[in-house]
Amino acid sequence: MKTPTIFISYNPSSDFEQTLAVRLHTTGAVNGFRMFLPDRYNSETIIDNETKSRIAQSDWFVVFSTENLSSIVKQEIQYAWNVLKDKSKIVVIYNFIKGKNIKGNLTNNFTDIYIDPYYDDFDKIISKKIMNRIYLTEKTEKEDKYKRQQRNAILALLGIGLGLFLLGSQNE
């Protein structure tokens with residue numbers, strides 16, 4: 001079975017988000033995931049064709065949002081929705097303390113998860129906030145196995161990202 005392909009975005013103006021995305025990208029790649037980051041070389045304001053191609057090849061879109069989302073990340077979320085058409089596969093994880101930073105119709109196109117790094121505990125976040133929100137519905141025996149494998153793989157990677165997020169939040 002193929003492992004999931006995951007696109008991890010970040011705000012270009014946030015060193016913390018970029019570091020988190022790069023570390024998660026590396027961890028995923030080393031563990032057999034096919035990982036993508038946005039191409040920020042040509043533009044930090046307009047989504048380019050290379051980034052669109054990476055999103056189109058992905059099974060999942062993930063962003064840990066700790067600051068106001070830039071226009072380019074909003075464009076990437078919209079493009080991911082146009083490609084995936086499944087809000088459970090587009091995951092935006094917010095820092096609860098800094099609040100929800102996306103408003104409008106775009107919020108209908110993704111699964112949002114709020115993390116309070118000072119009060120939430122890791123197990124609760126994984127089981128109650130993440131696992132319940134991205135659960136996949138199985139249709140056949142074959143799909144059941146494949147989707148369960150994909151779900152477990154993405155949960156493991158999100159758990160690693162969450163750990164990095166919580167560690168980094170201690171320094172804010």
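Guide: What follows is a set of questions on labels, each answered from a value and a definition.

Guide: This is a predicted model, in which local features need pLDDT of at least 70, side-chain atom pairs count only at pLDDT 80 or more, and totals for chains, interfaces and linings use all residues. Residues are numbered from 1 along each chain as its sequence is written, and side-chain values use heavy atoms, with hydrogens and water left out.

Visitor: How do you know that the span of helix H1 agrees with its number of residues?

Guide: Helices are DSSP runs of H or I, at least four residues, and strands are runs of E, at least two, numbered from the N terminus. The expected span is 1.5 Å times one less than the number of residues. H1 has 16 residues (15–30), so it should span 22 Å; its end C-alpha atoms are 22 Å apart, which agrees.

Visitor: Which residues of H1 are called buried?

Guide: Buried means under 20% relative accessible area, exposed over 50%, partly exposed in between (1.4 Å probe, protein chains only). In H1, Glu17, Leu20, Ala21, Leu24 and Gly28 are buried. Seen down the axis of H1, they fall within an arc of 100°, so they line one face. The arc is taken from the directions from the helix axis to the C-beta atoms. The face turned away carries the exposed Asp15 and Val30.

Visitor: What makes glutamate 76 and arginine 40 a salt bridge?

Guide: The term needs a side-chain nitrogen of Lys or Arg within 4 Å of a carboxyl oxygen of Asp or Glu. Here the closest N and O atoms are 2.5 Å apart, so the pair meets that definition. Glutamate 76 lies in helix H3 (71–84) and arginine 40 in the loop between strand S2 (34–36) and helix H2 (49–56), so the pair ties together parts 36 residues apart in sequence. Both residues are buried.

Visitor: Why is glutamate 50 called partly exposed?

Guide: Its relative accessible area is 36%, between the buried and exposed cut-offs. Glutamate 50 also forms a salt bridge with arginine 54, at 3.0 Å from N to O.

Visitor: Which residues touch the most other members of the largest nonpolar core?

Guide: A nonpolar core is a set of buried Ala, Val, Leu, Ile, Met, Phe, Trp, Tyr and Cys residues joined through side-chain atoms within 4.5 Å. Of the 23 residues in the largest one, Ile6, Ile8, Phe64, Ile93, Ile115 and Phe165 touch the most other members. Helix H5 gives the most to this core, with seven residues. A second, separate core of 16 residues includes Phe61, Val73, Ile77 and Ile90.
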